[in-house]
Amino acid sequence: MKILLLEDNSTDADLTIIGLSQLIPDISIEHAVTLRQARSLLTANHSFDIAVLDVNLPDGNGLEILIEIRQQDLNFPVIMLTGSGDEETAVTALKSGAEDYIVKRDDYVSNLPESINQAITNFKENAFNKSEVIQVLYIEHHAADIDFTIRHLAQYAPYIHIDPVTTVDEALIKLNSENFKKYKLVLMDYRLPGMDALELIKTIRQKVKLKIPIILVTGQGNEELAVQALKLGANDYLTKSENYLFKLPSVIVNCYQHYELKKRHLAQVESESKYRLLADNSGDIIFTLDMDLNYTYISPAVKTMRGFTPEEAITHKIKEVLTPASYLKVTKLIGTIQSEKSLITGQECLINAVELEMYKKDKSTIWTEVKTSLIFDENKNAVGILGVTRDISERKAISDKLIQLSRAVEQSPTLVEITDIKGNIEYINPKFTETTGYSFKEVVGKNPRFLKSGYTTDKEYKNLWNTITSGGEWRGEFHNKRKDGTLYWEEALISSIKNSEGEITHYLALKSDITEKKKILNELIVAKEKAEESDRLKSAFLANMSHEIRTPMNGILGFSALLSEPELGKEEQQEYIKLIQVSGARMLNLISEIIDISKIESGMMEISLQEVNINEGMDFVFNLLKLDAKEKSIDITHNSNSFPDLYLITDSEKLYAVLTNLVKNAIKYTDKGSIEFGYNIKNSTVEFFVKDTGIGIPLDRQSAIFERFIQVDIANIAARHGAGLGLAIAKAFVKLLDGDIWLESQEGMGTTFYFTLPFNTKNKEPSLQTNTIKKIGKENATHINSKLKILITDDDTISRKLISKSVNEFAREIIEAKNGLEAVEKFKENSYFDLILMDVQMPIMNGYDAITEIRKLDKNIIIITQSAFGLTGDREKAISAGSNDYITKPIDKNELVLLLNKYFNPSKVN
Ligand code: ADP
């Protein structure tokens, strides 16, 4: 202890120093004799435990030093030494902040140590917050005493408020009233009228049951009473000595603080035991760790949660407790906390809840939520960690499930929409945004009616609401509008979401965009209708075909029968033959149309490009059909003469076929007037036209007639000849030749068909090649050097006969076979043949097999295959089977002659 002693009287000083040194161990006293010296000691060293200052000094009053100490806020108590009878100074000293004063009497030194200790304790305790008011209930009978006390305290201890009462009854009323709590202390005089002070103490403690501190003021020499008062529960007493009022503040403060401390301590003990009780009985694990993360306490819940007893668990390191991933989480967390200043400065530091996975005794794991906070000592240093561990396995399982479910909804390819019971949107999934273009922000809180396109009727909406509000499911379709205004179809399933009480809380709409599906469905419907239409057309076609075939057949068979009548005149005979020929030609035309259309349909129609003289073609068609027109008294003209010779690289047969077909139709569907056909050159195309003044084609049929089997009026099939294939073939041919075909027509006025071909040649002289076929004709037939021995193979007798007749003029000998096998046999039987004409489709052995067999015997014999089908690939098949050439049935005599020349008179070819 370090004391500053200011004393000019050397005897007093010595006495004091010696006395104190003996009574207080470890004491060091710095002694000043004058104010000046005291000041310099204070400047040199501030850290005294106490100053003991004399008043009268050679260079002034000691109070000056007291005032300076207080002004400088030096943190130690001061005791003033005053002469006896100098209350005035004592009062001033206390007023100026002295802790105590001592009157210099004979034995004052011996009282000094106690006063010093008291002053130090008081000083520390009084360092309490003086802004805190101590409300005191003062029971005093004498008005003068009350007055004096109030004045004194107001002056020296303004933080003590005195509420005086003069009688016991009055006091009890106040203590029994509702605001008794405002009193922090009861101060009572020992002399009270009506009730003895001891009695009052007893009443307060035992009847009113107040623990409020009580100080008794006794008369001098009344220690006996004081002891009794203490026994009954008074906290302190004060003897009414001469200057007891000076002691009063410190007695009151001490008593009050002591009581408060005790109260706080009790509360602490109580709360600690409460916490302990809580910790021991909590379902959560409560634990403490030191700063090295060793457990210092762990509550019994650890047994139920993890299977370990608290004794076992307390020895574990947290690294063993947590799964590696969770441990890593914790170390990271601690790292961040340590780097935060809070730990160092000792601020309140609450670590947020973390989810950690822990091992159980049986090695399985549980998910826990751990909340921790730091524990600080009184110097605000973190000394440990307090934590609570809660088992959240179940919660986590549920939340994991929820996460899964919500992901599923988020990622669903179905539009999900949840509304409140008023129908206002609360949730939409990303697919909704993707389909409609509206973001969540744009639609939340809105009624989905903004998607309406007006397609769904109010009645249907009503029905929807009736269904879902009564808990049912509504299924239906909406034609909705996207944000960009485009429309889409959606299929919706709307139902209600109910809470556990069965009340509807939300509505859920699951929708899918079926625009594409609907489109496909519509296309399917169209395709189905088309298929049905085509079925209908096929039936009509078959009926038509039947008619088309039967008519000429009737003609052929009927007139053939008539021919055999013996009395038939020559003229009639010729007429019948003509009719038979016409019917045959019509049959053949029909058959070739059917073959063409099947070739087109199976993709087997090939084109053979060569240079074609267009004007020649025009003339050809004109010459071919002018008589037909003339027969109907229709004028027919063509414009080929208005152009110089034009050559196109195209397929001549197909061009002629198209042109012939169009002109034939024009003649067929025109009863009077004229037909004009020709071509014009337009940019890079040659545009052909066939114009008539016929019956015309109604607008609604104009595009249909290019379809197969379509006739303008299929109901009236007998009206004109035709199977409805001609234009379909013409269109396919034009397309194959890279052109277009269309028409312009007015019913009753006439029709003009147009078609184009690419203008892809320059004018030049026709090549020799182009004319070869045309030029070799009948006139060359007889030029074959020697007559031939021919084997004709065909299963059809009439065909065999016809072929025999055709080749008769070149034949030396003709042998016939009815099938492939017979042909092979006849070939073997006969020594030599010049030529074999071989049919393909025959019973027993087909033509290809027969050719193969014959080729085994003879490599040189000329074999020409003849087939009625004319399909692409027949030629190749025949050649690869071993035949030299190929010809289509019915055999065109010119073509046959050409082939014979090729093999038997080579010089005539080329
Ligand atoms: P068809 O063998 O029936 O003539 P097409 O395919 O050549 O078959 O023609 C289809 C239909 O188009 C005809 O049945 C006829 O109704 C109509 N048609 C074709 N050409 C003309 C035309 N020049 N004038 C009026 N109708 C025509």
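Thr-82 touches Val-55, Thr-89, Ala-90, Tyr-101, Ile-102, Val-103 and Lys-104, leaving aside residues up to four places away in sequence. The structure is a predicted model.

- Thr-82 belongs to strand E6, which covers residues 78–82.
- Thr-82 counts as buried because its relative accessibility is 2%, and buried means under 20%.
- From Thr-82 to Glu-369 the distance in space is 69 Å, C-alpha to C-alpha, and the two residues are 287 residues apart in sequence.

**Helix H19**

- Helix H19 is made up of 12 residues, 458–469.
- The first and last C-alpha atoms of helix H19 are 16 Å apart, close to the 16 Å expected at 1.5 Å a residue.
- Tyr-461, Leu-464, Thr-467 and Ile-468 are the buried residues of H19.

**A nonpolar patch on the surface**

- Four residues, Ile-520, Leu-521, Leu-524 and Ile-525, form a nonpolar patch on the surface.
- Together, Ile-520, Leu-521, Leu-524 and Ile-525 have about 370 Å² of accessible area.
- Ile-525 is part of helix H20, which runs over residues 515–563.
- Ile-525 has a relative accessible area of 40%, so this residue is partly exposed.

- Most residues other than glycine have a negative phi.
- Leu-293, a residue other than glycine, has a positive phi near 65 degrees.
- Leu-293 is placed in the loop between strand E13 (285–290) and strand E14 (295–298).
- Ile-844 is not a glycine either, and its phi is positive at about 65 degrees.
- The loop that holds Ile-844 lies between strand E32 (835–839) and helix H29 (847–857).
- Ile-844 counts as exposed because its relative accessibility is 70%, and exposed means over 50%.

**Salt bridges**

- The model contains 38 salt bridges.
- One of them joins the side chains of Glu-355 and Arg-395, at 3.8 Å from N to O.
- This pair links distant parts of the chain, with Glu-355 in strand E15 (residues 350–359) and Arg-395 in helix H16 (residues 393–411), 40 residues apart.
- Glu-355 is partly exposed at 30% relative accessibility, and Arg-395 is partly exposed with a relative accessible area of 41%.
- Another salt bridge is formed by the side chains of Lys-632 and Asp-671, at 3.7 Å from N to O.
- Lys-632 lies in the loop between H22 and E24, and Asp-671 in the loop between helix H23 (652–668) and strand E26 (674–682), so this pair ties together parts that are 39 residues apart in sequence.
- Lys-632 counts as partly exposed at 29% relative accessibility, and Asp-671 is partly exposed with a relative accessible area of 47%.
- The loop of Lys-632 runs between helix H22 (614–631) and strand E24 (635–638).
- Lys-632 and Glu-565 are 67 residues apart along the chain, and their C-alpha atoms are separated by 32 Å.
- A salt bridge within a helix joins the side chains of Lys-856 and Glu-853, with a distance of 3.0 Å from N to O.
- Lys-856 and Glu-853 both belong to helix H29 and are three residues apart, about one turn of the helix.
- Lys-856 counts as exposed at 59% relative accessibility, whereas Glu-853 counts as partly exposed at 30%.
- Salt bridges that share partners also connect Glu-140, Asp-145, Asp-189, Arg-191 and Lys-240 in one network.

Key. Residues numbered from 1 in each chain as written. Predicted model: local features only at pLDDT ≥ 70, side-chain atom pairs only at ≥ 80, totals over all residues. Heavy atoms only, no water. Helix = DSSP H or I, 4+ residues; strand = E, 2+ residues; numbered from the N terminus. Expected span 1.5 Å × (residues − 1). Buried < 20%, exposed > 50% of the residue type's maximum accessible area, 1.4 Å probe, protein only. Contact = heavy atoms within 4.5 Å. Patch = residues over 30% accessible without salt bridge, like charges linked within 9 Å, V, L, I, M, F, W, Y side chains within 5 Å. Areas by Shrake-Rupley, 256 points an atom, 1.4 Å probe, with all protein chains shown as cover.
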